[in-house]
Amino acid sequence: MSGVETVTIPGLSDFHTHTSLYIALMESTSFWEVSEKEAAMEIIAKLPADDLTLIQGWNESLFSFTEEELASMPPVIIVHYSLHSMVMSPAAEDMLRPDYPDIVARYGDFAWYQRHISDILPFLGRIPKITPEATAAHFEELAAKGVMHVQDMLLVSEDALRIISASPMADRIKFWAGPDMYARLSPGMRAKVWGIKLFTDGGLGTNTAAMHQPYAGEENKGLLVYEDDALLGLMRDTARQELPIALHAVGDRAVTQILDALGALSAEGLGFPEIRVEHAQFISEQQARQLKEAGVVLSMQPNFSLDSTIYAETLPLGYAERNNPFRMLIDQVGYVPGKDLFLSSDGMPHGVEPALESSLFPPHSGQRLALEEFIKGYTRPDEPTRLVVDIDTEQQEVFLKEILSEANADNLD
């Protein structure tokens, strides 16, 4: 077959996803395939009147709900597909208000929601109950896509930690938790958590990634989750506990805030056993050099190179070409895949096909990764599973052909 190259690579190790949240959402109702409001209302009408239901995958640009319509609904939370906004029926608000008064009172405030995303996501993950069956199904789905190991970047609950860590898949996952979640865990469960995860800005889909330049046609430069002193305090607390830390920072202004905090901590003689910056999509060369000098690992997503196309009309001028600057990071700054540059999916989507396709055939040449770089950054050296992949260089498409070794937990370390 002309233009097709068949390669064998190790099974993927996804260094950034949201395992406990995605397992919980497997048990929720879905609007992913619903494009008409009438169909959505029919689904809602069949929901139980005395039990809380979470619906994911809602695309607000296709349809929305009036206050009158929400008032007629059973207890339901309807979550935007980005997870960065939601609506609730009054019945759901009444049910949740005793346990979550702040969320019920303020979730409609867009800026508040973004600044409290590390609380919102675990909240959403606690609505559908995580089960051993859903846990097994999720890992089977990952294995079918060539993903053998994962890191859960925001644990949703102690129950989730207990169920997943008691499953046969326990050796395939590493857990990170927000500082409040970590503090609430019992000592035995806390010991199962690797490190602390902090959000410093928002995301591109909501124009809340914190940039030094304004979004196109706006004065808005995105949103920093914390004031400088607040972020420094949380990082200081984590350093004093001698815990690894991972910092979500999509925009370059968020990276600047992290660099400032690291400088202040260094002056105090504080550091971390491991420090990662997650996403770093618009990192500059100067910032990258400073982070590398400070020993910071970058955790990035090749599939987010497509954001250069998806958000081309909303990104600040010139930023689409700056997104995911892998060639600069590797060739100019000296980041090394598998050593201080790790690759992942954020679950958007999981799997070898979209990850490899975005690496080999990105929108801009500066985003391209060589196959060897992809393998070193996205796999573990000791991974026993091998994936056979077809790469259609003419069509610029990637297909998972087969998995050579058995992709089940009993055969994985």
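Reader: Which residues is Ile 23 in contact with, leaving aside its neighbours within four places in sequence?
Author: In this predicted model, Ile 23 has its place in helix 1, which spans residues 19-26. At 0% relative accessibility, Ile 23 counts as buried, since that class takes in residues under 20%. Leaving aside neighbours within four places in sequence, its contacts are Ile 130, Ala 134, Thr 135, His 138, Phe 139 and Ile 164.

Reader: How many Å apart in space are Ile 23 and Glu 69, taken C-alpha to C-alpha?
Author: Along the sequence, Ile 23 and Glu 69 are 46 residues apart. In space, the distance from C-alpha to C-alpha for Ile 23 and Glu 69 is 29 Å.

Reader: Where does Leu 155 lie, and which residues does it touch when those up to four places away in sequence are not counted?
Author: Leu 155 sits in the loop between strand 7 (147-152) and helix 9 (158-165). With a relative accessible area of 0%, Leu 155 is buried. Not counting residues up to four places away in sequence, Leu 155 touches Ser 20, Pro 122, Ala 160, Leu 161, Phe 175, Trp 176, Ala 177, Met 181, Leu 185 and Val 193.

Reader: What is the C-alpha to C-alpha distance between Leu 155 and Arg 236?
Author: The sequence places Leu 155 and Arg 236 at a separation of 81 residues. From C-alpha to C-alpha, Leu 155 and Arg 236 are apart in space by 21 Å.

Reader: At what angle do the axes of helix 13 and helix 14 cross, and is the crossing left-handed or right-handed?
Author: Two packed helices are described by the angle between their axes together with the distance between those axes. For helix 13 (residues 252-267) and helix 14 (residues 285-293), the axes come within 11 Å and the crossing angle is roughly 35°. The crossing in which helix 13 passes helix 14 is left-handed.

Reader: Which residues meet where helix 13 contacts helix 14, and how do they divide into nonpolar, polar and charged?
Author: Helix 13 contributes Asp 252, Val 255, Thr 256, Leu 259 and Leu 262, which meet Gln 287, Gln 290 and Leu 291 of helix 14. The residues of this contact divide into four nonpolar, three polar and one charged.

Reader: How many aromatic pairs does the structure hold, and why is the pair of Phe 63 and Phe 65 edge-to-face?
Author: The structure holds eight aromatic pairs. In the pair of Phe 63 and Phe 65, the ring centres are 5.7 Å apart and the planes stand at 80°, and because planes over 60 degrees apart count as edge-to-face, that is the class of this pair.

Reader: Why does the pair of Phe 374 and Tyr 378 count as tilted?
Author: Phe 374 and Tyr 378 both belong to helix 19 (residues 371-378), where they are four residues apart, about one turn of the helix. Both of these residues, Phe 374 and Tyr 378, are buried. Their ring centres lie 5.1 Å apart and their planes are at 45°, so the pair is tilted.

Reader: Over the faces of which rings do Arg 190 and Arg 322 lie?
Author: At 5.5 Å from the ring centre, Arg 190 lies over the face of Tyr 182. At 4.4 Å from the ring centre, Arg 322 lies over the face of Tyr 319.

Reader: Is His 80 buried or exposed, and which residues does it touch beyond those up to four places away in sequence?
Author: His 80 is found in strand 5 (residues 76-80), and at 13% relative accessibility it counts as buried. Not counting residues up to four places away in sequence, His 80 touches Trp 58, Glu 60 and Ser 85.

Reader: Which peptide bond is cis, and what is its omega?
Author: Pro 349 is found in the loop between strand 13 (341-343) and helix 18 (352-360). The cis peptide bond runs from Met 348 to Pro 349, and its omega is near -10°.

Reader: What are the phi values of Ala 280 and Asp 346?
Author: Ala 280 lies in the loop between strand 11 (275-279) and helix 14 and is buried, with a relative accessible area of 0%. Asp 346 is found in the loop between strand 13 and helix 18 and is buried, with a relative accessible area of 8%. Although Ala 280 is not a glycine, its phi is positive, at about 45°, and Asp 346, also a residue other than glycine, has a positive phi near 60°.

Technical notes:
Residues are numbered from 1 along each chain as its sequence is written. This is a predicted model: local features need pLDDT of at least 70, side-chain atom pairs count only at pLDDT 80 or more; totals for chains, interfaces and linings use all residues. Side-chain values use heavy atoms; hydrogens and water are left out. Axes are lines fitted to C-alpha atoms, for helices over the stretch in contact, and angles run from 0 to 180 degrees between N-to-C directions. Helices (H or I, at least four residues) and strands (E, at least two) are DSSP runs, numbered from the N terminus. A crossing is left-handed if the near helix is turned anticlockwise from the far one by less than a right angle, and right-handed if clockwise. Contact means heavy atoms within 4.5 Å. Ala, Val, Leu, Ile, Met, Phe, Trp, Tyr, Cys and Pro count as nonpolar, Asp, Glu, Lys and Arg as charged, and the others, Gly among them, as polar. Rings of Phe, Tyr and Trp (its six-membered ring) pair if their centres lie within 6.5 Å; planes under 30 degrees apart count as stacked, over 60 as edge-to-face and the rest as tilted. Buried means under 20% relative accessible area, exposed over 50%, partly exposed in between (1.4 Å probe, protein chains only). A charge sits over a ring if NZ of Lys or CZ of Arg is within 6 Å of the ring centre and within 35 degrees of the ring normal.
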